[in-house]
Amino acid sequence: MRSGVVNRILVRGPNWLGDAVMFEPSLRGLRRLFPKAALSLLVQPAVAELFRAHPDVDDMVLYDAKGRHAGLSGKWTLAGDLRRAGYDLAVLFQNAFEAALLAFLAGIPRRYGYATDGRSLLLSQPVAVPDRRASLHQVRYYWDLLKPLGLTGEPDGPRLHLSPQEERGIAHRLGQAGISDGDVVIGLNPGSTYGSAKRWLPDRFADTAERLSRWVGQSEGRKAAVAIFGAKGEETLGREIAARLSAPVAVLSGATTIRELMAAVKRCSLLVTNDTGPMHIASAFNVPVTAVFGPTDWRTTAPFGDHHVLVRTPVDCAPCLLRECPIDHRCMTGVASTQVYEAAVKQLGCSLGVTEVLSAAVHEAKERNRANLLDGYTVFLDRDGTLNRNPGYLKSASELELLPGVAAGLADLKSAGARLVVITNQSGVGRGLLTLKDLEAIHARLQGLLEREGASLDAIYFCPHHPDDGCRCRKPLRGMVDRAVSENQLDLRRAYMIGDRIHDMQLAKEIGATSILVTTGLPEDHRSDAPMLEEMRPALTTDSFADAVDWILRDAACRASSAPQAASGR
C-alpha cells in the first residue's frame, strides 16, 4: 500500500492500559509508514488520557462504551460519526469482532487487522494471526501486524509523554506527603484490576519496601520515600501497606487521574509491582521495574526491554491466565520477600549509581560467564566531534585526529562484545567541499588508526546529501540506522548512541537507543543546542569519551546481573 493514497487513518487501540502501552511502538511504526496522513486514535477514555500529547496522534476519538456509545444504538451512532470523518484506512489493533464491524459500518474502504474472532469477512485486508505457541511478546504481536503494510526493523521500547507542568504538579502533591525532590522514591503497585490471582501478598510488599528504604539510607545517606499506586477500590490495600512502613508514604491508590499516575510513576527510582498497567508505564519512562509474576505469561507481557527483573516461582500450573486461583495460589505464595528485595536492591543500586552495587554487578556478571557484557549490543557512534576533532568540515585524511580516549575506549567496548557502527552526516560531499573518494580515504585512515588499538569498526554509514536535498538518511532521520539494522542484523533493543550534537540525541530517541552526549564537539554548537539537549535528556552528559565507555559498561553490567532473575525465578 502506497502512503500517498492514504490521507486519513483510523487506529483502533487496545482497551487495557498495559496493552495500550505495549501498542505504542506500533503507533510510531504506523506514522513511519504514513508520515503525511492524519492519524486518529479510537480508544476508551482511560487509554485516551495515556496518549494525550502524543506527537504521532492528530486526533482522539473517544469510545464511550458505558455512555453515548452503549448498546446497538450507540454503536450505530459511533459508526455514523466515523463515516462522516471520511477515513481511507482503519488499522485495528483491538482484536474484537466489534472493532471490525464498526469499521465496516463506517464505510471505511480499507479495513486492516488480524483475522480473529470470526471477523475476516469484515476486513478488506485480514492478516494471519501469529502462532501463539511461539509466546510472542505483545509488543512484537502489535508490531508484526504492520509488516504486511511494509514496516521493517524491530520495535524499540514503548514511550510516553508528559508536560513539565504535569511533572511539577505531581512533585507538589508528593511534597504535601513529605516527599521532597531529593528523596529516593520507591513505587509499589500491590493491586490488580484483572483479579486477585495476579496479586502478591500485601505484607511482603510492605516488608520489601521497608528493607529497601532502610538500605537507601544506609548505602546512600539519602532519605527514601514510598509511593503506593492502585485503582479505585484498592485504597484500603494501600493504607494497610502504608501503616507498616516507617518511611514517608504517599498513598495514591484510587486518587489519581491517568496523567497523574504517569507523572508519579515517572518520579520513582524503582517500581515493585504485580503484572499491571503501571508496570508498563514505568517501563515506558525507563523506570527500573521489579515485577512479581504468577498466573500470567511472563514471556508475552513482561515489561519490554532490559531494565527490569521478573521474580517468579516456577509451578506446573502457571501460566494459567485465571483471574482467581482455584487452589492454593502457590505461584504467588512461593515468592519470598527476600527474593524480591535482593532483585530490587540490585536494580536500585544500578539506578542510583551506588559504587559497591555496581562492582558487585560486574563481578556477578563475570562469574556467570558474562564477561562479554555487550554481546548482542550495538554502540552507534557519531564521527566528527565524537571520535575525531571537528575542524568544521574534515576534507582530507591527513586532517583526521582522534580525540583523547577514543581508541582505548572503543577497544574496551569491542573486547566486551559490542558492535561498533558509525552514523555520520557528511554534507560536505553534497556541498562540493570533498569527493566520495576523499571521504573513503578519511574513513580508511579512521579504521587504520583504530585497528592499531584493537578497536576496529564494524561498519560506517554516511549521508552525503546537502541538507536541502530532503533525503531520508540525514540525521536525525533514521535511514542510516535502518540500513545498518537490515545489513548487520542489529537489535535496537540493545543499543547505545554516543554523539556530540542535538541530532545525535534526537536520533537515539527515535530508534529507542540509550543516548550519551559527549561535549567534545564545537563549543558554540553546544551553547546553541542547550535548550533542546535538555529536553532530550541523555542518560549521560560528559566531556570524556572514556567516561562514556565506563558508563556503558556499568549499565550493561547492571542489565546482565538482572537477567538471571527473570530466567530462574530465584
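This is a predicted model: local features need pLDDT of at least 70, side-chain atom pairs count only at pLDDT 80 or more; totals for chains, interfaces and linings use all residues.
Biologist: What makes Trp200 and Phe205 an edge-to-face pair?

Modeller: The ring centres of Trp200 and Phe205 are 5.1 Å apart, with 70° between the planes. Rings pair if their centres lie within 6.5 Å, and planes over 60 degrees apart count as edge-to-face.

Biologist: How many aromatic pairs does the structure hold, and which residues do ring pairs link into a cluster?

Modeller: There are nine aromatic pairs in the structure. Ring pairs connect Phe23, Phe51, Phe93, Tyr114, Tyr141 and Tyr142 as a cluster.

Biologist: Why is helix 10 called mostly covered?

Modeller: Helix 10 spans residues 277–284, and eight of its eight residues are buried. Buried means under 20% relative accessible area. Among the residues of helix 10 that count as buried are Met279, His280 and Ile281.

Biologist: What is found just after helix 10?

Modeller: Asn286 follows, with a positive phi of about 60°. Asn286 is not a glycine, and its place is the loop between helix 10 and strand 11 (289–292).

Biologist: Why is Asn286 called exposed?

Modeller: Its relative accessible area is 60%. The cut-off for exposed is over 50%, so Asn286 qualifies.

Biologist: Which phi does Asp117 have, and what makes Asp117 exposed?

Modeller: Asp117, also not a glycine, has a positive phi of about 55°. Asp117 sits in the loop between strand 5 (110–114) and strand 6 (125–127). With a relative accessible area of 53%, Asp117 passes the cut-off of over 50% and is therefore exposed.

Biologist: Why is Asp412 called partly exposed?

Modeller: The relative accessible area of Asp412 is 39%. Asp412 is in helix 15 (residues 406–415).

Biologist: What makes the surface patch that includes Asp412 negative?

Modeller: The patch is formed by Asp412, Asp543, Asp547 and Asp550. Asp counts as negative, so the patch is negative.

Biologist: How do you know that the peptide bond from Ala318 to Pro319 is cis?

Modeller: Its omega is near 0°. Pro319 lies in the loop between strand 12 (308–311) and helix 12 (330–333). Another cis peptide bond joins Lys475 and Pro476, with omega of about 15°. Pro476 belongs to the loop between strand 15 (459–463) and helix 18 (479–488).

Terms used:
Residues are numbered from 1 along each chain as its sequence is written. Side-chain values use heavy atoms; hydrogens and water are left out. Patches are made of residues with over 30% relative accessible area and no salt bridge: like charges are joined within 9 Å, nonpolar side chains (Val, Leu, Ile, Met, Phe, Trp, Tyr) within 5 Å. Accessible areas come from the Shrake-Rupley method with a 1.4 Å probe; for residues, only the protein chains shown count as cover. A salt bridge is a side-chain nitrogen of Lys or Arg within 4 Å of a carboxyl oxygen of Asp or Glu. The place of a charge is taken as NZ of Lys, CZ of Arg, CG of Asp or CD of Glu. Helices (H or I, at least four residues) and strands (E, at least two) are DSSP runs, numbered from the N terminus. Buried means under 20% relative accessible area, exposed over 50%, partly exposed in between (1.4 Å probe, protein chains only). Rings of Phe, Tyr and Trp (its six-membered ring) pair if their centres lie within 6.5 Å; planes under 30 degrees apart count as stacked, over 60 as edge-to-face and the rest as tilted.
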